[in-house]
Every structure is written in C-alpha cells, then in structure tokens.
Amino acid sequence: MLAEVKGLNEECGIFGIWDHPNAAEITYYGLHSLQHRGQEGAGIVSTDGETLKGHRNLGLLADVFKHGELDDLKGKAAIGHVRYATAGQKNLGNVQPFLFHFHSSSLALAHNGNLVNAKTLRRELEEEGAIFQTSSDTEVLAHLIKRSHTGDFVEDLKVALNKVKGGFAYMLLTEDTMYAALDPNGFRPLSIGRIGDSYVVASETCAFETVGAEFVRDVEPGELIIINNDGLRIEKFTENVTHSICSMEYIYFARPDSNIAGINVHSARKRSGKRLAKEAFIDADVVTGVPDSSISAAIGYAEEAGLPYELGLIKNRYVARTFIQPSQELREQGVRMKLSAVRGVVEGKRVVMIDDSIVRGTTSKRIVQLLREAGAAEVHVRIASPPLAYPCFYGIDIQTRNELIASNYSVDEICRIIGADSLEYLSEEGLVDSIGKPYPNEPYGGLCMAYFNGDYPTPLYDYEAEYLASLEAEK
C-alpha cells in the first residue's frame with residue numbers, strides 16, 4: 001500500500017497478443033494481472049483480420065466483462081487497457097483502448113503514461129481543424145498519425161511519436177498489425193513475451209506468468225515494435241535515448257513478481273529495506289510493513305536489523321484502493337476500513353513501521369494512530385525511499401509541490417505531524433544502489449529520481465512555467 005489516501009495514483013496497464021485463437025480471453029487474463037495499475041476502467045479491442053471490435057467501461061476488469069462481452073470479441077489478436085486517470089477526466093469517453101474508424105481502415109490505441117506537451121499539441125491540432133472526442137492526452141497521437149501524410153503507416157507513426165514528449169508506452173492495433181512503442185527515456189516498463197508462436201506485449205512481466213508466456217526481451221527506449229503475420233520486427237523511431245526508468249515502479253507501482261530491466265521488484269524492495277536498516281537503525285521489538293508494497297522492504301529491514309518481522313498490520317482484501325474514492329471523507333473512511341492493527345503483535349511493543357513512501361501524510365498519521373490504539377508502546381516510521389518533494393509529469397497524478405508534505409515540512413516536522421516517535425527515510429544513494437543501477441553508465445543508474453531531487457530528465461514543456469512559478473512562490 002502506498003502510504004497516502006490521495007497520493008501517487010498509479011499508471012495504467014496495457015497488454016496485447018498477436019496470433020492466438022483466444023486473443024481476447026488471453027488479453028483479459030493478462031489485464032487481470034495488471035489490475036493493480038488501474039482500477040477506474042478497462043477495455044479490450046480485437047481484430048479478426050478484417051474488422052476491429054471493442055468493449056470498454058468504467059470499473060474493474062471483472063465488472064466490465066461480466067456479461068459475456070468477451071464472446072463478441074472474436075479474432076486472433078487483441079490489445080487491452082486498465083486505467084487510472086493521470087490525465088483527462090474520469091468518464092467512459094476516456095476509457096481505453098480508443099477505437100477510431102476511418103474510411104479505409106481502423107485503429108485501436110492504448111497508452112500508459114503522460115505527455116508533457118499534450119496541451120500545446122492539442123491546441124495546434126484544434127487550430128488545424130481537429131475535433132477531439134475525449135479529454136485524454138492519448139487521443140493526440142491518433143490525430144498526429146493521420147496528419148503525417150508520408151504515405152506509409154509506420155512512417156506516419158514514427159513522425160507522430162517524435163512529436164509527443166514525456167512518458168509513454170503505446171499499443172496500437174490495426175486490422176493486420178499490432179504495434180508497441182516506448183518513449184525515449186523508457187519511463188514506463190514494457191516487455192515482449194511468447195506463447196508458442198504467439199507474441200505478447202505487457203506493461204509488466206507478471207502478466208506473462210499468468211498467461212503462460214515466456215519472456216523474450218524488454219522494449220527499449222525509442223523502439224517501435226511491429227508484429228504481424230510476417231513475425232516480429234523492431235525499428236527505432238529515434239536514436240536520441242536515455243534510460244530513465246521511473247523509480248516508483250520499483251518502490252511501489254509494479255507487482256513484486258515482475259522484473260524491470262532484468263531486476264526483480266521484490267528483490268529491489270528487500271534490498272532497500274536492508275539498506276534502510278543500515279542507514280536508520282532503531283532498537284525495537286518488532287518490525288511490520290504496511291501492506292502490500294512495503295512488505296518486501298520490511299522483511300529486508302528486519303533481516304538486516306536482526307529484529308523479528310511480524311504481521312502487525314492486516315489488510316482487508318475486499319476494500320478497493322483508497323485513492324480511487326471520490327471525496328476526502330470517503331478516502332479517510334476507506335483507510336479505516338482497509339487496515340487493522342494486530343493487538344496481539346504490537347501491544348506493549350516498540351514497533352518499527354516500514355512504508356514505501358509518504359505523500360501527503362494523512363494515511364501515515366492514521367496508521368501510526370492505529371498502532372497506538374492497538375497498544376504499541378512506541379512507533380518508529382522508516383520509509384524505504386527518499387522524501388517525495390517534487391511532482392511527476394510523466395504519468396503519476398501529483399503535479400504540484402503543495403500536494404507533497406516533504407515539500408513543505410522538514411523530516412522532524414513530518415514526524416510530529418504523523419505522530420511517530422521517530423521518522424527516517426532511505427537516502428537517494430541508498431535507493432539507487434538498492435534497486436541495482438540497471439544502466440550503470442547513465443544518470444542515476446538509468447533511473448528517474450526527479451520526485452526526490454527535481455532533476456527532470458526531459459524538458460517540462462507545458463508544465464515548465466507552472467512548475468517554475470511554484471518554486472518561486474516557495475522562496
């Protein structure tokens with residue numbers, strides 16, 4: 001669990017498969033394993049070689065497809081999407097994949113990430129006569145493709161991909177080809193697998209285990225993957241690439257059984273916990289982690305510190321994630337419903353509570369309170385990442401510094417606000433080392449650390465003036 005009631009809302013999840021008789025069903029199961037990446041809406045588009053057909057709706061995947069809608073999605077290829085709105089409003093019109101019908105062809109489009117120049121592009125396209133059907137920045141790519149006019153779809157797509165800036169993992173489906181593309185920084189994970197002769201592409205490798213696929217390779221920044229009856233072809237839409245994998249994928253977003261750039265997420269989190277114990281040891285009786293994403297770090301901390309790890313906090317599995325609740329009051333009620341402290345574990349004990357991050361502080365305060373109400377003698381909070389002090393513009397729904405408690409208060413002040421006996425964070429160096437520097441010759445070992453230090457790997461385009469103004473206002 002991310003330690004926040006309205007915090008770092010997750011990305012989206014995309015999945016696609018080519019050349020399988022049960023393409024829509026395989027896509028459904030693949031998306032099910034990616035449900036943690038988006039819970040507001042879901043959709044699948046399939047092709048039978050002649051026609052694209054899709055279904056999408058608001059809600060969890062199982063609710064969207066509970067009335068036999070999969071039976072209508074015939075064909076040997078499909079792409080799907082589970083959504084959390086990082087940009088665009090929460091309504092059915094923004095649920096993906098988008099399906100566009102033209103006079104001679106059709107196109108389905110799904111996107112994970114956020115474009116930093118979408119507003120500018122949208123305004124330019126509208127001035128040229130484009131009519132947008134959604135408020136999502138994803139639709140921008142479809143308009144750019146249709147305006148490229150090179151005479152070849154792949155070249156049109158490459159032109160469009162070079163115009164959009166920011167974080168993007170795209171999947172596209174036409175009647176006869178499936179495409180995948182990753183932004184020049186590789187902010188979002190995207191991998192290729194195989195089921196026999198069928199190719200699959202997914203946001204996380206955990207989806208491959210679910211559908212019985214074998215991992216082939218990661219999609220690299222700036223690559224365009226083309227899959228059709230001729231097989232798989234890899235091209236580049238740009239050579240100007242720098243690895244900047246979102247560090248929050250390792251810290252929180254990705255499932256622990258996924259691998260990103262060859263690094264297992266659980267192992268990275270466990271190493272973070274071990275490093276945290278070295279940097280911020282406290283003598284205590286028991287270590288507990290906030291379910292679920294902090295469990296790995298808590299185990300690592302306990303092992304390194306030589307303290308027992310216990311389930312001091314229990315998660316109610318039948319409560320939806322708190323950040324999707326529509327109001328602050330409901331979100332806070334969701335926290336009370338979602339977690340319980342185990343009195344038999346924490347009563348009379350000095351407890352080290354491990355969490356992956358603190359965003360606003362509201363949930364951290366509530367969890368500390370839960371532990372105290374259950375009789376904990378002391379509550380020491382340890383965070384397996386550095387303080388989140390800067391917004392993200394590449395696909396995480398935090399885009400102003402005033403939303404982040406670490407932007408406005410010192411560590412000691414945050415400690416008092418959340419009611420802990422002590423509070424310490426993992427260092428930036430400790431996080432980079434713990435994850436493992438997937439690309440050691442690149443900045444921060446190939447990771448994006450902007451959330452912690454403001455060192456953004458790309459220009460911010462539409463957000464630049466707003467961001468600089470927020471920094472100036474803090475002086």
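This report walks through a few sites and packing arrangements in a predicted model.

## The annotated binding site

Let's start with the record. An unreviewed UniProt entry puts the feature "binding site" at Ser293, Asp355 and Asp356. These residues are spread over 64 residues of sequence, yet they cluster in space, with a largest C-alpha distance of 8.0 Å.

Ser293 sits in the loop that runs from β17 (286–289) to α9 (295–305), while Asp356 belongs to the loop between β20 (350–355) and α12 (362–373). The two side chains meet: that of Ser293 makes a polar contact with that of Asp356 at 2.6 Å. The side chain of Asp356 also makes a polar contact with the side chain of Ser357, this one at 2.8 Å.

Are these two residues buried or exposed? Ser293 has a relative accessible area of 9%, so it counts as buried. Asp356 comes in at 2%, so it is buried too. The cut-off for that label is under 20% relative accessible area.

## The annotated active site

The "active site" feature, again from an unreviewed UniProt entry, is placed at Cys12. Look for this residue in the segment before β1 (13–18). Cys12 has a relative accessibility of 5%, so it falls in the buried class.

What surrounds Cys12, leaving aside neighbours within four places in sequence? The contacts are Arg37, His81, Val82, Arg83, Tyr84, His111, Asn112 and Ser203. One of these, His111, falls within the span of β6 (106–115), a strand that comes up again below.

Next up is an open sheet of six strands, in the order β5-β6-β7-β8-β12-β13, with antiparallel pairing. Its edge strands are β5 (98–101) and β13 (231–236), each of which pairs on one side only. On average, neighbouring strands are turned by 20° against each other, direction ignored. Within the sheet, β7 (residues 166–173) and β8 (residues 177–182) run antiparallel and are joined by five bridges. Leu173 has Met178 in β8 as its bridge partner.

Helix α5 (residues 153–161) packs on this sheet, where it touches β6, β7, β8, β12 (223–228) and β13. The direction of α5 makes about 150° with that of β12. At the start of the helix, a side-chain oxygen of Asp152 reaches to within 3.2 Å of the backbone nitrogen of Val154. The buried residues of α5 are Val154, Asp156, Leu157, Lys158, Ala160 and Leu161. Their cover includes α4 (139–146) as well as β7, β8, β12 and β13.

Beyond its neighbours within four places in sequence, His380 is in contact with Ile282, Val351, Val352, Met353, Asp421 and Ser422.

In sequence, Val381 and Met353 are 28 residues apart, but in space the C-alpha atoms are 4.8 Å apart. Not counting residues up to four places away in sequence, Val381 touches Met353, Val368, Ile418, Ala420, Ser422, Leu423 and Glu424.

Ile418 leads on to helix α14 (residues 411–418), where the buried residues are Ile414, Cys415 and Ile418. Why do these three share a side of α14? They cover an arc of only 105° around the axis, which puts them on the same side.

Just after the helix, Gly419 takes a positive phi of about 80°.

How values were computed
Residues are numbered from 1 along each chain as its sequence is written. This is a predicted model: local features need pLDDT of at least 70, side-chain atom pairs count only at pLDDT 80 or more; totals for chains, interfaces and linings use all residues. Side-chain values use heavy atoms; hydrogens and water are left out. UniProt positions are given in the numbering used here, feature names are shortened, and annotations may be inferred rather than shown by experiment. Helices (H or I, at least four residues) and strands (E, at least two) are DSSP runs, numbered from the N terminus. Buried means under 20% relative accessible area, exposed over 50%, partly exposed in between (1.4 Å probe, protein chains only). A polar contact is a pair of N or O atoms within 3.5 Å; within protein, one must be able to donate a hydrogen and the other to accept it, and residues adjacent in sequence count only if both atoms are side-chain atoms. The arc is that of the directions from the helix axis to the C-beta atoms. Contact means heavy atoms within 4.5 Å. Two strands pair if DSSP finds at least two bridges between them. Axes are lines fitted to C-alpha atoms, for helices over the stretch in contact, and angles run from 0 to 180 degrees between N-to-C directions.
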